Amino acid sequence: MVRLAVFGLLAAVASGFPSNTLSSGEKGRRQYEGPPRPPQPHETPPYGIPPPYETPPPVAPLRAQAVVDAFKVSWDGYYEYAFPMDELMPVSNNGSNSRNGWGASAIDALSTALLMNQTTTVHQMLTYIPTINWTSTDSTVSLFETTIRYLGGLLSAYDLLTGPLVHLVDNTEHVDALLTQAMHLANNLSYAFETPSGVPWNNLIFSNRTGQGATNGLATVGTLILEWVRLSDLTGNTTYANLVQRAESYLLSPSPSSSEPFPGLVGSSINVTTGLFTNARGGWGGGTDSFYEYLIKMYVYDDHRYEMLKDRWIMAADSSIKYLASRPVTRQHLTFLARYNGTELILESSHLACFHGGNFILGGTVLERQDYVDFGLELVRGCHATYTATATGIGPEAFSWNASSVPTDQLDFFHRNGFYIKDAGYQLRPEVIESYYYAYRATGDAKYQDWAWDAFLAINATTRVGSGYSSIEDVDVVGGGNFTDFQESFWFAEVLKYSYLIQAGEAEWQVVGQGNNEWVFNTEAHPVKVFGGEGGGRAGRL
Ligand SMILES: *[C@@H]1O[C@H](CO)[C@@H](O)[C@H](O)[C@H]1NC(C)=O
Ligand SMILES: *[C@@H]1O[C@H](CO)[C@@H](O)[C@H](O)[C@H]1NC(C)=O
Ligand SMILES: *[C@@H]1O[C@H](CO)[C@@H](O)[C@H](O)[C@H]1NC(C)=O
Ligand SMILES: *[C@@H]1O[C@H](CO)[C@@H](O)[C@H](O)[C@H]1NC(C)=O
Ligand SMILES: *[C@@H]1O[C@H](CO)[C@@H](O)[C@H](O)[C@H]1NC(C)=O
Ligand SMILES: *[C@@H]1O[C@H](CO)[C@@H](O)[C@H](O)[C@H]1NC(C)=O
Ligand SMILES: *[C@@H]1O[C@H](CO)[C@@H](O)[C@H](O)[C@H]1NC(C)=O
Ligand SMILES: *[C@@H]1O[C@H](CO)[C@@H](O)[C@H](O)[C@H]1NC(C)=O
Ligand SMILES: *[C@@H]1O[C@H](CO)[C@@H](O)[C@H](O)[C@H]1NC(C)=O
Ligand SMILES: *[C@@H]1O[C@H](CO)[C@@H](O)[C@H](O)[C@H]1NC(C)=O
Ligand SMILES: *[C@@H]1O[C@H](CO)[C@@H](O)[C@H](O)[C@H]1NC(C)=O
């Protein structure tokens with residue numbers, strides 16, 4: 001977009017930031033060379049990773065269509081009863097505003113609707129988006145949630161509609177508004193970084209431009225960089241990138257040293273005044289998870305600028321394999337990753353953490369490291385076991401494999417399954433299916449499509465209610481125990497997208513097992529175009 005490029009250049013000159021002369025042709029990234037060839041007999045694929053099948057098994061299109069049908073039910077319910085509120089309450093046919101009332105589901109669902117070619121729905125979303133007033137909200141704004149859902153959703157739609165799906169929308173004003181609204185949103189949020197250290201506040205009160213909390217979390221600080229750098233690259237305004245890169249720098253060089261109990265694995269809380277970590281507790285679960293996820297995803301986004309993040313990801317991955325990998329005493333063939341407090345391990349994990357298999361697989365394919373792929377596949381198998389163990393076929397929110405703390409009423413369950421349930425809820429989370437997706441794309445093994453389909457069928461059978469799908473209270477009771485009457489916006493963005501993509505045919509946004517990815521998915525599953533020299537890549541290296 002010429003208008004924005006010119007404005008960006010002016011901004012860069014005015015701000016006095018050095019201009020990085022990298023142009024699109026100079027990047028080392030390999031180009032996508034069409035769909036991969038199926039494995040030939042007696043042929044060892046490079047690094048032992050077989051490419052995805054050229055033609056998915058014949059059941060896949062029907063499965064993909066069933067997921068599209070679930071998307072339509074969920075959207076229609078939301079549109080009828082809740083739009084433009086944030087979420088549908090499917091049991092009471094009402095809406096709720098847990099994400100500031102800017103229509104979270106309408107934006108979180110957009111990239112999924114685009115990939116599914118739901119043109120009528122896309123039109124409904126695009127006519128709404130220019131009307132959002134970011135200034136107007138009664139509730140606390142989460143910098144992290146707003147970034148991954150709203151900013152990520154807008155930027156992804158913009159990339160898709162100025163790229164491979166340009167033919168889907170005639171009205172270029174609607175497409176331009178995606179980027180304009182993304183800028184307005186970031187401009188409303190950017191005061192969050194006005195702390196003494198530059199580590200942002202997460203919880204913002206727009207009405208008096210204040211931030212809350214003396215500390216911020218590892219994931220909430222470390223899961224901004226993809227979206228804000230993308231915005232910077234698309235608009236040429238380097239301030240967006242500089243803000244998040246400064247914040248990220250404290251996470252990459254953690255201090256004090258006690259906050260890094262294993263090389264590359266750090267604490268979970270950072271003082272926004274000093275940038276110092278305040279603890280040494282962490283792992284791959286909620287609160288810390290997507291910091292590690294984005295280290296390797298930034299390298300996928302731009303392997304020139306973010307090489308250092310790749311190095312930190314490798315440290316974290318190696319330490320996780322060496323120190324955190326753990327096998328339940330009653331089922332020695334399963335692998336889970338423990339949490340830690342300092343060097344003390346806590347034998348607990350969660351649905352949220354189950355993205356880790358996919359992240360190891362992504363790292364392994366990008367870095368051509370079969371050991372990471374293999375370890376990722378082991379983690380995928382562990383998370384799959386949490387699904388097959390329960391009465392509904394859906395895995396629990398939190399679980400443990402500490403043999404010394406098993407509640408007596410779960411002793412049988414523990415002996416059969418290797419773990420016991422700590423929190424039996426299911427909030428329409430994606431991570432297990434997300435990891436199946438990476439496993440399938442890297443190996444071409446149809447087993448992972450089957451696992452994703454089994455999970456989808458179980459979720460469809462248990463959580464579908466009223467006008468949509470609802471979170472449930474107990475995955476280990478047939479029927480799910482009780483509905484909590486809440487359809488999360490990430491149901492649209494993530495569960496339905498990964499369930500669909502794993503059964504769908506080749507497209508440029510699909511993850512490529514060999515690692516020559518054209519797109520990278522943010523932590524909310526919004527595909528972002530990998531850097532191709534836009535804006536001249538003016539934001540400097542980190
Ligand atoms: C619907 O939700 C709104 C906002 O959450 C609430 O104020 C209202 O009372 C609810 N209506 C019903 C009928 O439950
Ligand atoms: C997308 O949907 C439109 C109708 O809305 C249809 O004309 C078109 O063929 C579809 N494209 C694909 C790739 O399925
Ligand atoms: C916040 O966003 C609105 C658009 O919704 C825009 O008009 C306003 O200028 C933005 N505020 C700031 C401080 O940038
Ligand atoms: C956006 O909301 C703010 C705060 O409620 C209000 O002052 C402003 O007038 C609104 N802007 C528009 C264009 O409605
Ligand atoms: C660039 O972004 C910053 C941070 O949001 C904002 O304050 C500034 O106004 C933007 N610059 C231009 C030229 O829009
Ligand atoms: C800002 O608003 C919040 C919520 O109303 C309030 O708790 C806080 O004290 C205010 N801060 C300042 C500095 O006015
Ligand atoms: C953060 O650091 C400041 C400055 O050293 C200190 O006063 C404050 O107590 C610290 N807060 C926390 C929660 O560590
Ligand atoms: C973590 O370890 C620290 C230092 O040993 C201790 O003070 C703290 O209570 C522990 N926290 C938890 C949640 O176990
Ligand atoms: C296992 O549980 C026991 C009892 O709650 C606890 O004392 C111990 O620290 C736990 N060990 C691990 C490794 O989680
Ligand atoms: C999903 O659930 C609905 C309602 O129970 C049912 O009609 C539909 O067939 C299910 N989809 C699949 C693929 O089983
Ligand atoms: C079941 O969930 C509904 C909300 O959907 C709630 O009103 C009700 O109290 C719950 N029932 C039980 C037994 O927990």
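Cysteine 354 and cysteine 383 are both buried. The model is a predicted one, and the two cysteines form a disulfide in it.

**Disulfide**

- The count of disulfides comes to one.
- The sulfur atoms of cysteine 354 and cysteine 383 are 2.1 Å apart, which falls within the 2.5 Å cut-off for a disulfide.
- The link of cysteine 354 and cysteine 383 is left-handed, with -90° about the S-S bond.
- Cysteine 354 belongs to the loop between β13 (348-350) and α13 (356-367), whereas cysteine 383 is part of helix α14 (residues 370-388); the pair therefore ties together parts that are 29 residues apart in sequence.

**Packing of helices α9 and α10**

- Two packed helices are described by the angle between their axes and the distance between the axes.
- For helix α9 (residues 225-235) and helix α10 (residues 238-252), the axes come within 7 Å and cross at roughly 155°.
- Angles over 145 degrees count as roughly antiparallel, and α9 and α10 are therefore roughly antiparallel to each other.
- The crossing in which α9 passes α10 is left-handed.
- On the α9 side, the contact is made by Ile225, Trp228, Val229, Leu231, Ser232 and Thr235.
- On the α10 side, these residues meet Thr238, Tyr240, Ala241, Leu243, Val244, Gln245 and Glu248.
- By class, the contact of α9 with α10 comprises eight nonpolar, four polar and one charged residues.

**Cis peptide bonds**

- Phenylalanine 83 and proline 84 are joined by a cis peptide bond, with omega about 0°.
- Proline 84 is located in the loop between α2 (60-81) and β1 (87-89).
- A cis peptide bond also joins serine 255 and proline 256, where omega is about -5°.
- The loop between α10 and β7 (269-271) contains proline 256.

- Arginine 209 is not a glycine, yet its phi is positive, at about 50°.
- The loop between β4 (203-205) and β5 (210-212) holds arginine 209.
- Arginine 209 counts as exposed because its relative accessibility is 52%, and the cut-off for exposed is over 50%.
- Aspartate 485, also not a glycine, has a positive phi of about 60°.
- Aspartate 485 is found in the loop between β17 (468-469) and α18 (489-501).
- With a relative accessible area of 14%, aspartate 485 is buried, the cut-off for buried being under 20%.

Terms used: Residues numbered from 1 in each chain as written. Chains lettered and ligands numbered in written order. Predicted model: local features only at pLDDT ≥ 70, side-chain atom pairs only at ≥ 80, totals over all residues. Heavy atoms only, no water. Axes fitted to C-alpha atoms, helices over the stretch in contact; angles between N-to-C directions. Helix = DSSP H or I, 4+ residues; strand = E, 2+ residues; numbered from the N terminus. Parallel < 35°, antiparallel > 145°, perpendicular 65-115°, else oblique. Left-handed = near helix turned anticlockwise from the far one by under 90°. Contact = heavy atoms within 4.5 Å. Nonpolar A, V, L, I, M, F, W, Y, C, P; charged D, E, K, R; others polar. Buried < 20%, exposed > 50% of the residue type's maximum accessible area, 1.4 Å probe, protein only.
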